[in-house]
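Thanks for making the time, everyone. Please have a look at the structure on the screen, and then I will walk you through a few parts of it.

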Amino acid sequence: MAEWDGSPLSGSLLSGSEVGGGPRMTGHHGAGPCHPTKAEKMTTRAHPVDHELVQAAAQVARTRCRGDNHTMAAAGRARDGRMVTAVNAYHFTGGPCAELVLIGTAAAQGVYELDTIVAVGDRDRGVVPPCGRCRQVLLDYFPAVEVIVGEADRIRAVPVTDLLPESYVWADHQLDEEAG
Ligand SMILES: [Zn+2]
């Protein structure tokens, strides 16, 4: 496998729409210009996508994922601007998703607040939304975190709360008087 040489990512993930000023994406049928959709209505604010973060996750997915054990990569943007990356550790007993490994990796680097997170699949699967468990964990760890979701040229950042309507907030149900 060749080392990543720093060139813009190819493949389906970024599709040239944001990297290097290339032509708009072609070849993906049905990908028309951006009409506001119901996704836009759900999220009233327009959230710019942290493309550098997506690229970081994509790079890790392409260069570090291996076999069945490591199939997903995640990247998180710390509040102080740093980026943290991780891969999942699959195991049939419930090995953690990349997002969860990332939380521990971030803590090991002194990062306890994440502003944005994204996961990218191996084999050029592009951005993959978090599973239900990860949505809940992200909400409880980082209530204001934004999650990058969506396909190819339509990726967008949404608050984790948008991914969990009628959320159960663990901290709200604890007996101690510690204010959140
Ligand atoms: Zn998950």
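Which residues in α2 are buried? Before I answer, please note that this is a predicted model, in which local features need pLDDT of at least 70, side-chain atom pairs count only at pLDDT 80 or more, and totals for chains, interfaces and linings use all residues. Residues are numbered from 1 along each chain as its sequence is written.

In α2, the buried residues (20 or more other C-beta atoms, placed from the backbone, within 10 Å of their own) are L53, V54, Q55, A56, A57, A58, V60, A61 and R62. They pack against β1 (72-78), β2 (83-87), β3, β4 and β5 (146-149), where a contact is a pair of C-beta atoms, placed from the backbone, within 7 Å.

Turning to another pair of helices, the axes of α3 (residues 98-108) and α4 (residues 132-141) come within 9 Å and cross at roughly 25 degrees, which makes α3 roughly parallel to α4, a term used for angles under 35 degrees. E99, L100 and I103 of α3 make this contact with C134, V137, L138 and Y141 of α4.

Finally, consider the loop between β3 (114-121) and β4 (126-127), where R123 is placed and where D124 is also found. Phi of R123 is near 55 degrees, a positive value in a residue other than glycine, and phi of D124 is likewise positive, near 55 degrees. R123 counts as exposed (12 or fewer such neighbours) because it has 10 C-beta neighbours inside 10 Å, whereas D124, with 14 other C-beta atoms within 10 Å, is partly exposed, the class in between those two cut-offs.

Conventions: Helices (H or I, at least four residues) and strands (E, at least two) are DSSP runs, numbered from the N terminus. Two residues are in contact if their C-beta atoms, placed from the backbone, lie within 7 Å. Axes are lines fitted to C-alpha atoms, for helices over the stretch in contact, and angles run from 0 to 180 degrees between N-to-C directions. Angles under 35 degrees count as roughly parallel, over 145 as roughly antiparallel, 65 to 115 as roughly perpendicular and the rest as oblique.
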